[in-house]
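Take a moment to turn the model around before reading on.

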Amino acid sequence: MGTTSDGDRPWQSYHTAYTNAKAGMEGVDKEKVQRIIYEMSKGSKYFENEKRKEAYIRQKVENLHTLCAKLTDKDMPHFQEVANKKILELEASRDLSKIWLHIDMDAFYAAVETLENPSLKGKPMAVGSMSMICTANYEARKFGVRAAMPGFIAHKLCPDLVFVPTNFEKYTYYSELTRKVFRRYDPDFIAASLDEAYLNITESCNERGLSSEEVAAELRNNIYEETGLTCSVGVAPNRLLAKIGGIGKVTETILKDVLGINTCEELLQKGAFLCALFSHCSTDFFLSVGLGLGRTDTPEQKLRKSISSERTFSATGDEPMLLQKLADIAETLSNDMQKECLWGRTLTLKLKTASFEVRTRAVSLQKFIQSKEEIQTYASKVLKAELPLSLRLMGLRMSQFRDDKCSPRDPMQKTLASFVISGNVTASATCVNKSSISEFSDEHQICDAQTDLSVHRESSASNDNKISLSYETNDVLASNQLSCGLKFASTSNADGIENMGNGCSEKCDSVETKNEMISNFSGHKTVAASSQKVELSWVDGYICSVCGIEMPPSFIEERQEHSDYHLAEMLQEEESVYGTGHLTQERSVRKALQAKENARKKLKSSPNKGRHIPIDAFFIKGKKNL
């Protein structure tokens, strides 16, 4: 034990979130904790993931070292001047007129459990399971146990540790009790989490003639009297100083290893290097921290863009268990949406595999939903498309909310304007008898309950049900299409160019032919149904059918990013198209078809008659032929 080389003590170079300091861990033997965490983690998938992160950090540090070495004595005066100017500008923005409190409930989950079960008092206790713990009381922290640590490691650090299962309904109840106290001092307080908040008490202090220390002490007493819980309170003229938060592991390593920065004062002293090596945004942040500057304004209430819920659990591939956990998450999300009267159309499923790979899959629905049953139905379909898979985390996020929160109007419902536009469709509808109308209506209901969604992802399959990255164009007049009994279908020919038709398999050789078909349908007052899809595929295995960009099959991550780009583009277009009728939709269809035609023409115009491939793809194909 006399040597300190990493060869004899490899745990000294192994740094994770588990080894970071936290309140109540001041006297902990850090090297002992680090060694146990290293030994318990070694060989696990988490360990390998942490090693990959460390390799990334080392590479980033090396790159910055290289850039730093290129700086000359002639460069530094310029960057020092830039840094001095930034510091003066930031200092001029300092506002000392506000009083902010940062409130953090002490070991909140553990404190709530102890409050309801006094027998836990004085015992080292953690809320969670052997898989993961949410928090630990101060008795457990003395052993190095902390939040976000696997339970089996925490048990190794503290053999007498008592585990208590989580109960978020209970924590939410006590959180609301604390917030009732917060509102007395600042009705517009900022909730950072269930157990953390920022309060602007400037007016409260001025109106009552009390100092910030007196108000902070009074608030702590009120919380204890009404909840039986304790909290810590920070007081400062801005939110940054009120919390005195730290920085992340990556940033800490970079600043320390590259520039030898360990304190806020050193951030200012080496401002010239910060200006030379980092972006303007990062530099401003570092210098603001060095000066102790933070936000002093109360953020305006913004329209919520999304709402989510997720759970971490022991890695499992058991499908019934995963579906049950998904149902629980769907219920939580639904309850949260109901509290805020939110109805959403885009549902995103987040998955973290046993190997810590994170995936997200999204579906765009034909109507706004809120209920647990509907959320669970659509989320289950997306999850099943990913199985079999061993997961350790699942989450659901709802976005694309309806503007009118309190009206349950379906997006497919016709407005008065659309009703007038489609008024003449009645004449065309007389060709369909009552039985056929009933048949199509039933088909629409089945589609809505089972397959009325588009999954935004590159590819997935569950048994025989394959779901591809698709872009659906919704139209408020889709009900007219059902009345006329016409279905606008899409198929793909051998060249990967999409054919549009009325349920037929005839081959369309040009965009003009397709446009004529669209025109014919429009002439009969018929619009594209919600079942119409423009699918992203790779022509000849490497050309995007939507925009024509060339990307070899080996570029897996790049292809995924490209698919995500088209997804975002589709969502933006969908929002702008929504409710504007069949003319806008027709333009979007033409645009997609034109893009595909351009890709096809590009192939035909190449010297090798469309068989030219990038050099990367050439070598990949060459290996397959060996």
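Is M76 buried or exposed? Keep in mind as you look that this is a predicted model. M76 has a relative accessible area of 17%, and the cut-off for a buried residue is under 20%, so M76 counts as buried.

Where does M76 sit, then? You'll find M76 in helix α3, which covers residues 75–92. If we set aside its neighbours within four places in sequence, M76 is in contact with L71, A272 and F273. The chain also brings M76 and A276 to 8.2 Å from each other, C-alpha to C-alpha, although 200 residues separate them in sequence.

Now let's zoom out to the whole protein. It has 626 residues, and 43% of them are buried. There are 24 helices and 20 strands to find your way around. Looking at contacts with a separation of 6 or more, 69% are between residues 24 or more positions apart.

Next, have a look at a pair of helices. Two packed helices are described by the angle between their axes and the distance between the axes. Here the pair is α2 (residues 45–70) and α11 (residues 249–259), whose axes come within 10 Å and cross at roughly 35°. Their crossing is right-handed. On the α2 side, the residues taking part are E50, I57, K60, V61, L64, H65 and C68, and they meet K249, V250, T253, I254, D257, V258 and L259 of α11. Sorted by class, this contact has eight nonpolar, two polar and four charged residues.

Finally, let's go inside. The largest nonpolar core has 29 residues, and those touching the most other members are F108, F182, Y185, L199, I201, L219 and I223. Several elements each supply at least two residues of this core: the strands β1 (100–105), β2 (125–128) and β6 (196–200), along with the helices α4 (108–116), α7 (168–185) and α9 (212–227). Helix α7 gives the largest share, with six residues.

Conventions: Residues numbered from 1 in each chain as written. Predicted model: local features only at pLDDT ≥ 70, side-chain atom pairs only at ≥ 80, totals over all residues. Heavy atoms only, no water. Helix = DSSP H or I, 4+ residues; strand = E, 2+ residues; numbered from the N terminus. Buried < 20%, exposed > 50% of the residue type's maximum accessible area, 1.4 Å probe, protein only. Contact = heavy atoms within 4.5 Å. Axes fitted to C-alpha atoms, helices over the stretch in contact; angles between N-to-C directions. Left-handed = near helix turned anticlockwise from the far one by under 90°. Nonpolar A, V, L, I, M, F, W, Y, C, P; charged D, E, K, R; others polar. Core = buried A, V, L, I, M, F, W, Y, C linked by side-chain atoms within 4.5 Å.
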